[in-house]
Each structure stands twice: as C-alpha cells, then as structure tokens.
Amino acid sequence: MQRRNSTTSLVEASIMAAIVVVLMLMAAYVPVLGTLSTFILPIPITILVIRNDFRIALVSLVASTILSAMFLDPINAVSVLVLYGAVGLSLGFSIKRKNKAVVSVAIQAAAAAVGLVISTAMYIYLLLGSNIRVMLQSTLDMMNESINNAINMYSNKGVAVDFSK
C-alpha cells in the first residue's frame, strides 16, 4: 500500500478525534444513544489504523482524550478512552494484518482485559488514593470479618457451624 500524504492523514485523524469526542459526549449525556455510542466508540480509531498507521491513530486517540477531558471529567474521559482506545487499536491492527477470526477475537479479548485493568487501576489510584494490592487486601479482610461475624452469630443462636464438609 502506498504511503499516504501526511496532511491527509493528519486531517483524517483530527476528524476522527472530533467524532470520538462527539461519541463520548453522547455516551455521557444522552441516555439511550449513549449506550449505543459506547459500541461505536472504537470504530473511528479502527478506521484510522486500517487507513493510515498505528501512530496516526494513537495521536488521534491522545487528542480525543485531551478534548474529552476538557468537556467531561478528566478521570472518566481518560479511563473510557483507554478502554475503548485499546479495543479500537487492536481491532484495526487485526484487520490490517488480516488475522483469522479466532486470532482477532483473542487479541480483542486481551486488549479489552488490559484496558479494563488499566481503567480500574486508574480509578482506584486517582479516586481512592490507593492501589490494587491494598484494595484487594482490604476486600479480603472485610470478607473474613464478615464470615467470622456470621459464624459467631450462628454459634450464639445455638446452630452448629461445621465447614469440614
């Protein structure tokens, strides 16, 4: 495939960034259309990877993240675009390399999982001021305390509690 003109690629990337920002605003403010726009959100990034290059799509993704952060809250904009950006980039990569369907689905699943982990880690770190390890440990401590409280409550009522079975 012939290398495209850099001006054409840049204009196309800016148009796709604007489309992503509009879809993000729809997802945030329009109830029914917002749900549909979350399914459509990775498509502009995918088109950029297929038609141009991975770098052009990444620049467009960064630009749309910055613009979305101006109109929405920055934490939500960054985390959503990390998740859908990873999916869009990986889908475009799979289509451009003409991978088989099974490989494409595996790449999509991995990208979605990585995006979800990064998005969740960002939420935990930025909103709660903690990290995943501390959060998981506190969750396990709460579960153990809840189980011990239930055992004590049953024991006080005279119910035999036996977990050996």
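This is a predicted model: local features need pLDDT of at least 70, side-chain atom pairs count only at pLDDT 80 or more; totals for chains, interfaces and linings use all residues.
User: How many helices and strands are in the protein chain?
Analyst: The pattern along the sequence reads α-α-α-α-α-α-α. The count is seven helices and zero strands.

User: What radius of gyration does the protein chain have, against that of a compact globule of 165 residues?
Analyst: The C-alpha atoms fill a box of roughly 80 × 40 × 30 Å along the principal axes. Buried residues make up 27% of the 165 residues. A compact globule of 165 residues would have a radius near 15 Å, but the protein chain has 22 Å.

User: Which element gives the most residues to the largest nonpolar core?
Analyst: This core holds 15 residues. Helices H1 (6-29), H3 (42-51), H4 (54-71) and H5 (74-96) each give two or more. The top contributor, with five residues, is H1.

User: Which residues does Leu89 touch, leaving out those up to four places away in sequence?
Analyst: Leu89 is among the core residues that touch the most other members, along with Met24, Leu41, Ile45 and Ala57. Its partners beyond four places are Ile45, Val49, Phe54, Ala57, Leu58 and Leu61.

User: At what angle do the axes of H3 and H5 cross?
Analyst: Two packed helices are described by the angle and the distance between their axes. H3 passes H5 in a right-handed crossing. The axes come within 7 Å, and the angle is roughly 35°.

User: How many nonpolar, polar and charged residues are in the contact of H3 with H5?
Analyst: H3 brings Pro42, Ile45, Thr46, Val49 and Ile50. They meet H5 residues including Tyr84, Leu89, Phe93 and Lys96. By class, the contact has ten nonpolar, four polar and one charged.

Key. Residues are numbered from 1 along each chain as its sequence is written. Side-chain values use heavy atoms; hydrogens and water are left out. A nonpolar core is a set of buried Ala, Val, Leu, Ile, Met, Phe, Trp, Tyr and Cys residues joined through side-chain atoms within 4.5 Å. Buried means under 20% relative accessible area, exposed over 50%, partly exposed in between (1.4 Å probe, protein chains only). Helices (H or I, at least four residues) and strands (E, at least two) are DSSP runs, numbered from the N terminus. Contact means heavy atoms within 4.5 Å. Axes are lines fitted to C-alpha atoms, for helices over the stretch in contact, and angles run from 0 to 180 degrees between N-to-C directions. A crossing is left-handed if the near helix is turned anticlockwise from the far one by less than a right angle, and right-handed if clockwise. Ala, Val, Leu, Ile, Met, Phe, Trp, Tyr, Cys and Pro count as nonpolar, Asp, Glu, Lys and Arg as charged, and the others, Gly among them, as polar. The radius of gyration is taken over C-alpha atoms; the globule rule is 2.2 Å times the number of residues to the power 0.38.
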